[in-house]
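Please walk through the model shown here with me, one chain at a time, and then look at the place where the chains touch.

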Amino acid sequence: MEETTREHLALAQRNQRFADRLRFADSNAEHSSLGQSPEILWSVVISFYSAVHYINAYLWKIDRFAPKTHAERTPRVSQDQELTTIAANYTVLSVWGFQARYDPRAHISADDAQQAIDELHAIAELVRRELGDS
Amino acid sequence: MISTRVATVEEIARYLLEIAEDKSVFRRMWTHQTGEVAEIWIMTEPIDVETEKRIHGLGRELYKKFPNTLFDVRLLNLRLSDSPDLSFLVPRNAKLFNMH
């Protein structure tokens, strides 16, 4: 496997583990004045950025394409014959991550964070299979 | 019929409304153009993840209909917020789309 692809995969996997740890760190979390655990919020955000690197690994391997923005990346996920099967998973992560980052009254539960991790798992599974890394 | 030209964001939004079985959960829609990418923002009622994924899954149908247009459908789910209105998250110069 080429170095750029391998680096994206490594970063994706590192972020995936981090998102998982944060999700379970919530039991000891100090909740904000708004009642939302920052660990839960950031677990969702990091799940999305893990997905970004899985997608980047795939696009580099298949097409030598390195998207610089979400606007360049997201349409490729819906249009690619393989990625389209996980497009809904990716978009859920993208919009949940957006709400977690920008809505000061975001209310994302531990179950939602687990759901985000499950969506990420589906993306990781497909990309690793397509890249021969499973 | 497949559109081979670049579609307007309003055409995409209109077609999305035509094919969305879950459109009853759409509270408000906006259209916005960022460079080449047509953005459709939708604030929904509080909806579960399966409904959300069904709506996102329509992207595949939209790309079949408009293969030469880059677009992004952004849902704002009220279930994930204590705010009663998420329109402040929509880009400032987005246009409110008439859903009727």
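What percentage of the 100 residues in chain B do buried residues make up? The share is 35% of the 100 residues, a value that, like every other one in this account, is computed from a predicted model. Chain B is built from two helices and four strands, and, read from the N terminus, its elements follow the order α-β-β-α-β-β. The radius of gyration of chain B is 13 Å, close to the 13 Å that the globule rule gives for 100 residues, so chain B is as compact as a globular protein of that length. Taken along the principal axes, a box of roughly 40 × 30 × 20 Å holds the C-alpha atoms of chain B. If one takes the contacts in chain B between residues at least 6 apart in sequence, 75% of them join residues at least 24 apart.

The strands of chain B can be followed through their pairings. Strand β1 (residues 26-34) of chain B is joined to β2(B) by eight bridges, and these two strands run antiparallel. The two form a hairpin with two residues between them, and in its turn G35(B) has a positive phi of about 60 degrees. For one pair of residues in this arrangement, T34(B) stands opposite V37(B) in β2(B). β1(B) is also joined to strand β4 (residues 95-97) of chain B, here by three bridges, and again the strands run antiparallel; in this pairing T31(B) stands opposite K95(B) in β4(B).

On the way from β2(B) to β3(B) the direction of pairing is parallel: eight bridges join strand β2 (residues 37-44) of chain B to β3(B). A38(B), for example, has F71(B) in β3(B) as its bridge partner.

How many of the eight residues of strand β3 (residues 70-77) of chain B are buried? Eight of the eight are, so this strand is largely enclosed by the rest of the structure. In a regular strand the side chains alternate between the two faces of the sheet. For β3(B), both faces are covered, with L70(B), D72(B), R74(B) and L76(B) buried on one side and F71(B), V73(B), L75(B) and N77(B) buried on the other.

Chain A has another make-up. Its secondary structure comes to five helices and zero strands, so that its elements, by the definition of helices and strands used here, read α-α-α-α-α from the N terminus on. A compact globule of 134 residues would have a radius of gyration near 14 Å, and the 15 Å of chain A agrees with this. The C-alpha trace of chain A spans about 45 × 25 × 20 Å along its principal axes. Buried residues account for 49% of the 134 residues in chain A, and, of the contacts in chain A with a separation of 6 or more, 72% are between residues 24 or more positions apart.

Within chain A, helix α2 (residues 38-63) has 26 residues, which at 1.5 Å a residue should span 38 Å, and the 37 Å between its end C-alpha atoms agrees with that figure. α2(A) is mostly covered, as 21 of its 26 residues are buried. R64(A) follows this helix and lies in the loop between α2 and α3 of chain A. Although R64(A) is not a glycine, its phi is positive, at about 55 degrees. R64(A) is exposed, with 9 other C-beta atoms within 10 Å.

Is Y90(A), by contrast, buried or exposed? Y90(A), whose place is in helix α4 of chain A, is buried, with 26 other C-beta atoms within 10 Å, where 20 or more is the cut-off for a buried residue. Leaving aside neighbours within four places in sequence, Y90(A) is in contact with A51(A), I55(A), V77(A) and I123(A). Y90(A) and F48(A) are 42 residues apart in sequence, yet their C-alpha atoms are 7.6 Å apart in space.

Finally, the two chains meet. In this contact, 20 residues of chain A touch 23 residues of chain B. On the side of chain A that touches chain B, α3 (70-79) and α4 (87-102) each supply at least two residues, and α4(A) gives the most, with eight residues. The residues on that side of chain A divide into 10 nonpolar, eight polar and two charged.

Definitions and conventions: Residues numbered from 1 in each chain as written. Chains lettered and ligands numbered in written order. Predicted model: local features only at pLDDT ≥ 70, side-chain atom pairs only at ≥ 80, totals over all residues. Rg over C-alpha atoms; globule rule 2.2 N^0.38 Å. Buried ≥ 20, exposed ≤ 12 C-beta atoms within 10 Å, placed from the backbone. Contact = placed C-beta atoms within 7 Å. Nonpolar A, V, L, I, M, F, W, Y, C, P; charged D, E, K, R; others polar. Expected span 1.5 Å × (residues − 1). Pairing = 2+ DSSP bridges.
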